[in-house]
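Me: I would like to learn how to read a structure feature by feature. Please take me through one, with the cut-offs.

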Amino acid sequence: MEVVDACPVCGSGSRSLLHDGLEDRIFFCAPGQWNLYRCTNCGSGYLDPRPTPETIGIAYDSYFTHSAPEIADTGGGLGTVRRLRRAFANGYMNWRYGTALIPVIRAGASIAPLLPSLKRRLDLRFRYLPRASEGSRVLDVGCGNGTFLRWAQKAGWEPYGIEPDAKAAEQARGIGLNVQGGSVEAVRDYNHFFDAVTLSHVIEHLHDPSETLRQLRQAMKPGAHLYIDTPNLNSLGHQRFGRHWRGLEPPRHLVLFTRPSLTELLRRTGFDEIRYIKRTEVAGHIHSVSKHLCQGGYPYPEPKLFPDIAARVASMRGLLNPDHLEFVTVVARASCSPAKRS
Ligand SMILES: [Zn+2]
């Protein structure tokens, strides 16, 4: 265990206790009770004390899922409606991301932008990557079994991954991806090398997110694309479910961000053109899981025949309160001037 006497995001020592005695009720593999503090300077949350980089592995004993990535785009064997839907989606993806997916209806390129929810789902699949040019390289930190990298590869990107879980890394390599084992520290080997870097549900697991972003900025070319997705400490779900909110996930989530605290960190570590994505679809799931945690049950509810109306309402409310969505989802650009040391 290690003591955390300053906010890992901004370095301030000023804080208030948000929740005490938190336990791992998601994967049930981490022993102990955990205190979450909120930094009164930047608004981020952080655990103190917390597992060290050497002991954190215990908390991941039953964490990872190991399944081969599912990439289906041919539409083979689907019913007519689903096949048509897929052909429209492929039309959009081919136009926007430069893939060559079939079957395809080219009009999808014009239709998907009129359907914000469909467009967002497809853009999230590619994490809003720009169009690849010859030799464009993307790094996915914490790439798991490589699902995203496979899509990026189909869009013409040269895929690189870092994955601490040996089994997941092996699976990604098994489908021909260039994946390095070990921690994010591996990124130190690269200098102005990547045209895009993505972290999906990774930054909240890092001991020193500020230093990691600096290292990533160094590994990126000026103007490169960054994508981050992470739970939002200011979410409606956290306001409603408090210590039972799914996003807390102690002790694996060491740091929890808000839109303002992540913006501040990105600016300080050398990123600009920061743009947030209104990712509303996840609210229903987070809401259902948090409700089960609140009732003391197993967190993963069985799929229901009828949709959970309250969860649907939670998704809708997120649209009206973008600062309070369940996830902070952001794209940014590696600025063309060097990062400032603070
Ligand atoms: Zn702070």
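What follows is a walk through the metal site, the rings, the cores and the backbone of this structure.

Me: What should I know about the model and its numbering before starting?
Reply: The model is predicted; local features need pLDDT of at least 70, side-chain atom pairs count only at pLDDT 80 or more, and totals for chains, interfaces and linings use all residues. Residues are numbered from 1 along each chain as its sequence is written, and side-chain values use heavy atoms, with hydrogens and water left out.

Me: Which protein atoms are the donors of the zinc ion?
Reply: Donors are N, O and S atoms within 2.8 Å of the metal (3.2 Å for Na, K and Ca); water is not among the atoms, so sites may look incomplete. Here the protein donors are the SG atoms of C7, C10, C39 and C42. They lie 2.3 to 2.4 Å from the zinc ion. Along the chain they follow the spacing C-x2-C-x28-C-x2-C. C10 sits in the segment before β1 (15-22), and C39 in strand β2 (residues 34-39), 29 residues apart. Helices (H or I, at least four residues) and strands (E, at least two) are DSSP runs, numbered from the N terminus.

Me: Why is the arrangement around the zinc ion called tetrahedral?
Reply: Four donors count as tetrahedral if all angles lie between 85 and 135 degrees. The four donor atoms here subtend angles of 100 to 115 degrees, so the arrangement is tetrahedral.

Me: Are C10 and C39 buried or partly exposed?
Reply: Buried means under 20% relative accessible area, exposed over 50%, and partly exposed in between (1.4 Å probe, protein chains only). C10 has 24%, so C10 counts as partly exposed. C39 has 1%, so C39 is buried.

Me: How many aromatic pairs does the structure hold?
Reply: Rings of Phe, Tyr and Trp (its six-membered ring) pair if their centres lie within 6.5 Å; planes under 30 degrees apart count as stacked, over 60 as edge-to-face and the rest as tilted. The structure holds 10 such pairs. Take Y160 and F193: their ring centres are 5.5 Å apart and their planes at 85 degrees, so the pair is edge-to-face. This pair links distant parts of the chain. Y160 is in strand β5 (residues 158-162), and F193 is in the loop between β6 (178-180) and β7 (194-200). Y160 is buried at 12%, whereas F193 is partly exposed at 21%. Together with Y190 and F194, Y160 and F193 form one aromatic cluster.

Me: Which arginines lie over the face of a ring?
Reply: A charge sits over a ring if NZ of Lys or CZ of Arg is within 6 Å of the ring centre and within 35 degrees of the ring normal. R137 lies over F193, at 3.7 Å from the ring centre. R127 lies over F148, at 4.1 Å.

Me: Which residues touch the most other members of the largest nonpolar core?
Reply: Nonpolar side chains tend to be buried together in soluble globular proteins. A nonpolar core is a set of buried Ala, Val, Leu, Ile, Met, Phe, Trp, Tyr and Cys residues joined through side-chain atoms within 4.5 Å. The largest one has 56 residues, and L139, V197, L226, I228, L262 and L266 touch the most other members. Strand β11 (residues 327-334) gives the most to this core, with five residues. Apart from it lies another core, of 22 residues, including Y92 and C143.

Me: Where is the peptide bond cis?
Reply: The bond from D48 to P49 is cis, with omega near -5 degrees. P49 is in the loop between β3 (45-47) and α1 (80-97). The bond from I102 to P103 is also cis, with omega near 0 degrees.

Me: Which residues other than glycine have a positive phi?
Reply: H192 is one of them, with phi near 45 degrees. H192 is in the loop between β6 and β7. E249 has phi near 35 degrees and is buried, at 3%. Just after α3, R127 takes a positive phi of about 50 degrees.

How values were computed: Four donors count as tetrahedral if all angles lie between 85 and 135 degrees; four count as square planar and six as octahedral if opposite donors are over 155 degrees apart and all others between 65 and 115; anything else is irregular.
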